Amino acid sequence: MHAATPQLPRRLAKLGLVCLLAGGSLTRAEVQFDVFMGFAGKARQGEWFPVTFEIFNDGPIFDGQVELRPRFGDNPVYDYNVELATNTRKRFTLAVFADTNAGWSAKLKNGGKTVAKHDELKLDSFDSTAVLVGALSGQQAGGPVLPKTRFKSKWDNDRFAPRVAHLQLDTFPDDPIALSGLNALYLNSARAINLRTEQAAALSTWVLGGGHLILAVDQPGDVTSTPWLASLIRGRFGPVQNSAAGQALHRWAETGGYPDVASPDATFAAGQLATAEVRLAKGEALFELDNRPVAAEANRGLGQVSVLGFNPEREPFKSWTNRAWFWARL
C-alpha cells in the first residue's frame, strides 16, 4: 500500500486537468447572431424593407462588423459596425433596397475572423404592385385579413395576392425608410403604448412622409396618454359604449365597389360592438353607430391616419363574414 501512495497525486492531477478542460468547454464564450429579414419574412420587389439584427455577446468585448450581402446580382453590400461589450445584447435595423428575388447572406466578423454567419436568408418576395400591410396587433395574428385573389394561375396568385405581415414589437423598425415598403400599417393602441422612442419617431416620420396608419383604439386612454400618438392622431374620443353593429359597416364596405362582398351577416348585425366616438382634427367620419362617428380618417403631412373607435380583434367583428372586404375598403 505504501508503494502505491505516490501514484495518488498524479491521478488527482490528471482528474483535475480533465475537469478543468470540461469546465472550459462548458463555459466557452458564445455569440448569438440572429437575423430577421423583411416584414416578418415578406417584402415587395424593388421596395425598401427592414433587416433587423440581434446580437448577444457572452464573451470578451470586441468591435464587430456586420456584413449583409446578396448572394446573386449586383446589389450593394451593407456594412454596420457595432461595439459588443461582454454580456450585452444589441439590436439594430438596416433599411435595405435591392432585388428581393436574390438570396442573402449575413456575417458577423471580429477583424478578419468570421464569428457567426447565415448563408441562406430568404424572403417571400412578390410583385411591387401587390398590397403589403404590416400589423402590430393586440393579439397574435389578430388584425387585418385581406381577400384572396382568384387568378387562374397559381403563379399569379402567389405573386399578386395581398399579404399581411404580422410584426413583433421587439423587431419593429426604428428607421422610417425601412417602413416605406408597406402600403399601410395596422396598429392596435394597446401595442402603441409600448413602442420605444426610436420606433415611435420612425412611425410618425413615415406617416408624415406619405404612409398610411390604421389605428384601432382598444382604450381611448391609450391614445390620449401617449404624447407622440396623440400629437400624430389629433383626435377627440367619447366614452366607450355598446352599440348594435347593424348594417353600417356592411354598407360602408360595399362602397368599395367589390363585386364579391357577401350578403349581410345577420349574426354580426345583431352583435354588440364596444365603440368610442372618434373625431379627428381636419378629418371626416367614415361611418356612424347610434348617430356617433366611430371611425374617421384625416391627412397628416403627406400621409393619412384612419382611426377605428373599436377593437376589430374582438367579437363580433373577429368572426364577421365580410371583414376581409372591410379591410380592403379601409
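The mean pLDDT of the chain, where pLDDT is the predictor's confidence in each residue on a scale from 0 to 100, is 90, and 90% of the residues reach 70 or more. Over residues 1–6, by contrast, the pLDDT is below 50, and this stretch has zero contacts in the model beyond near neighbours in sequence, a contact being defined by heavy atoms within 4.5 Å. The pLDDT also stays under 50 over residues 12–28, for which there are zero contacts beyond four places in sequence. Where pLDDT is low, the predicted coordinates should not be read in detail.

The model is a predicted one, in which local features need a pLDDT of at least 70 and side-chain atom pairs count only at pLDDT 80 or more, whereas totals for chains, interfaces and linings use all residues. Residues are numbered from 1 along each chain as its sequence is written, and side-chain values use heavy atoms, with hydrogens and water left out.

Leaving aside neighbours within four places in sequence, Leu-203 is in contact with several residues, among them Phe-172, Leu-195, Trp-228 and Leu-232.

Val-35 belongs to strand β1, which covers residues 31–37 (strands are DSSP runs of E, at least two residues, numbered from the N terminus). Val-35 is buried, with a relative accessible area of 14%, and, neighbours within four places in sequence aside, contacts Val-51, Thr-52, Phe-53, Ala-106, His-118 and Leu-121. The C-alpha atoms of Val-35 and Pro-76, which are 41 residues apart along the chain, are separated by 18 Å.

Gln-241 lies in strand β15, residues 241–244, and is partly exposed, with a relative accessible area of 34%. Not counting residues up to four places away in sequence, Gln-241 touches Leu-273, Ala-274, Thr-275, Asp-290 and Arg-292. The C-alpha atoms of Gln-241 and Leu-302, 61 residues apart along the chain, are separated by 33 Å.

Note on methods. Helices (H or I, at least four residues) and strands (E, at least two) are DSSP runs, numbered from the N terminus. Buried means under 20% relative accessible area, exposed over 50%, partly exposed in between (1.4 Å probe, protein chains only).
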